[in-house]
Amino acid sequence: MERFNCPDCEGELHDIKLLDATDSSRAGQGTGHVELTYAAPDSTASFFTRTVAKSGTVKAKLCNQCGRILLYASRPSLGA
């Protein structure tokens, strides 16, 4: 169940995007947003494609009052 208030201070949570600096600019900052995903703990990369099957995506919320960031799994059976 997704929270709408911070479990630490009860402040309001707001959607945010987490930036990946893997592809970074000269300043060392991320150059774009990458949708974070997750996989089952026993997942292994495909021999042919070298990719891991994804189980879902990760969404993030920020408390503007205390700065806590919360992460949530999102997949079709859990809702978006």
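**Note on salt bridges, cysteines and core**

1. The count comes to two salt bridges, a salt bridge being a side-chain nitrogen of Lys or Arg within 4 Å of a carboxyl oxygen of Asp or Glu. Side chains of opposite charge can pair when their charged atoms come close. This is a predicted model, in which local features need pLDDT of at least 70 and side-chain atom pairs count only at pLDDT 80 or more, while totals for chains, interfaces and linings use all residues. Residues are numbered from 1 along each chain as its sequence is written, and side-chain values use heavy atoms, with hydrogens and water left out.

2. Strands (E, at least two residues) and helices (H or I, at least four) are DSSP runs, numbered from the N terminus. Arg 68 is partly exposed at 32% relative accessibility, and Asp 8 is exposed at 55%. Here buried means under 20% relative accessible area, exposed over 50%, and partly exposed in between (1.4 Å probe, protein chains only).

3. Asp 15 and Lys 61 form a salt bridge, with their closest N and O atoms 2.6 Å apart. Asp 15 lies in strand E1 and Lys 61 in strand E3, so the pair ties together parts that are 46 residues apart in sequence. Asp 15 counts as exposed, at 62% relative accessibility, whereas Lys 61 is buried at 6%. The two side chains also make a polar contact, at 2.6 Å. A polar contact is a pair of N or O atoms within 3.5 Å; within protein, one must be able to donate a hydrogen and the other to accept it, and residues adjacent in sequence count only if both atoms are side-chain atoms.

4. The structure holds zero disulfides, a disulfide being a pair of cysteine sulfur atoms within 2.5 Å. Cys 9 is in no disulfide, and the nearest cysteine sulfur, that of Cys 63, is 3.5 Å away. Cys 9 is partly exposed, with a relative accessible area of 25%. For Cys 66, the closest cysteine sulfur is in Cys 6, at 3.7 Å, which is too far for a bond. Cys 66 is partly exposed as well, at 41% relative accessibility.

5. Cys 6, Leu 13, Cys 63, Leu 70 and Tyr 72 are the five residues of the largest nonpolar core. Such a core is a set of buried Ala, Val, Leu, Ile, Met, Phe, Trp, Tyr and Cys residues joined through side-chain atoms within 4.5 Å. Leaving aside neighbours within four places in sequence, Cys 63 is in contact with Cys 6, Cys 9, Gly 11, Glu 12, Leu 13 and Arg 68, where contact means heavy atoms within 4.5 Å. Leu 13 lies in strand E1 and is buried, with a relative accessible area of 7%. Leu 13 and Gly 67 are 54 residues apart in sequence and 9.6 Å apart in space, C-alpha to C-alpha.

6. Thr 57 is another residue of interest, located in strand E3. Thr 57 counts as buried at 15% relative accessibility. Neighbours within four places in sequence aside, the contacts of Thr 57 are Glu 35, Leu 36, Thr 37, Tyr 38, Tyr 72, Ala 73 and Ser 74.
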